Amino acid sequence: MKQRFGLTLVFMATRSGLTRWQDISTEPEEENGESTHFSEVHNRATDEIWYRRAVEQYLIEPESFVYSVPFEAGDKNDTLVTATHAIFHTEGSRQAPAAVVGFQFHHTALHARFMNITSQCDKCEKTCAHNDLDCYIIDNHGYIVVSENRKHSGMFFGEIEGSVMESMVIDRVFQRVIMYDYQAVCFKSERQEANHSTKNVLNLQFLNWFMNWIGTQIVWLLLQFPF
């Protein structure tokens, strides 16, 4: 299984954090090239994106796995695919996420299996090996997990096939979500000069405060003298 699917790591995470992991790769050439280990980078438990996505996917399809690749992974040979599955504890009619289990394997192995399966079909008029067809596997967020062209891995599907993505939005396969990135944005507040009406209001308020202060002082002085 290790040679067939290129497994490198299996792990389990709970609300307490990344509690179990086992490295499958032992040979130097099979290492993913990262300077830090998976257990050091992805130890935030429920805050990890793969943890939350697995829990969300369980509510849609309990038996399914979530597959993801790094953003804009491209055709790097050391790219790893992360697959996760949520485990829920059931008590009566109530359910709660207990853990998320998962594994990592080489993207090159997934690409090879993808091309092997989609290119062989005796009863099909065309397969993914045909020049007229472009085949993809995309996740539930619309990002490409695997494609014939490995450079597309990790890219948003709408950037590659905009018209197809638009049709899937129209058919309600995907839902359009508008996001605003306010990082490194400076909002300038223009200083406005006060007009004459504003100045008059301020003068009247100041006069009102002054008269109230005078009245308070007079009352205080009167209270100091016995009648």
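Residue numbers start from 1 along each chain as its sequence is written, and side-chain values use heavy atoms, with hydrogens and water left out. Because the model is predicted, local features need pLDDT of at least 70 and side-chain atom pairs count only at pLDDT 80 or more, whereas totals for chains, interfaces and linings use all residues.

The protein chain contains seven helices and seven strands. Both kinds of element are DSSP runs numbered from the N terminus: helices are H or I with at least four residues, and strands are E with at least two. Read from the N terminus, the order is α-β-β-α-α-β-β-β-α-β-β-α-α-α.

Of the 227 residues in the protein chain, 30% are buried. Here buried means under 20% relative accessible area, exposed means over 50%, and partly exposed covers the range in between, with a 1.4 Å probe and protein chains only. The protein chain exposes about 17,100 Å², and carbon and sulfur atoms supply 54% of that area. Accessible areas come from the Shrake-Rupley method with a 1.4 Å probe; for residues, only the protein chains shown count as cover. A contact is defined by heavy atoms within 4.5 Å. Among contacts in the protein chain with a separation of 6 or more, 49% are between residues 24 or more positions apart.

Helix α3 spans residues 49–60 and includes Gln57. Is Gln57 buried or exposed? Gln57 counts as buried because its relative accessible area is 15%. Leaving aside residues up to four places away in sequence, Gln57 touches Ser64, Val66 and Asn140.

A disulfide is taken as a pair of cysteine sulfur atoms within 2.5 Å, and by this rule there are two disulfides. With bonded cysteines counted along the chain, the pattern is 1-2, 3-4.

The link of Cys121 and Cys124 is right-handed, with 60 degrees about the S-S bond. Cys121 is partly exposed because its relative accessible area is 30%, and Cys124 also counts as partly exposed, at 37% relative accessibility.

Another disulfide joins Cys128 to Cys135, with S to S at 1.9 Å. The link of Cys128 and Cys135 is left-handed, with -95 degrees about the S-S bond. Cys128 and Cys135 are both buried.
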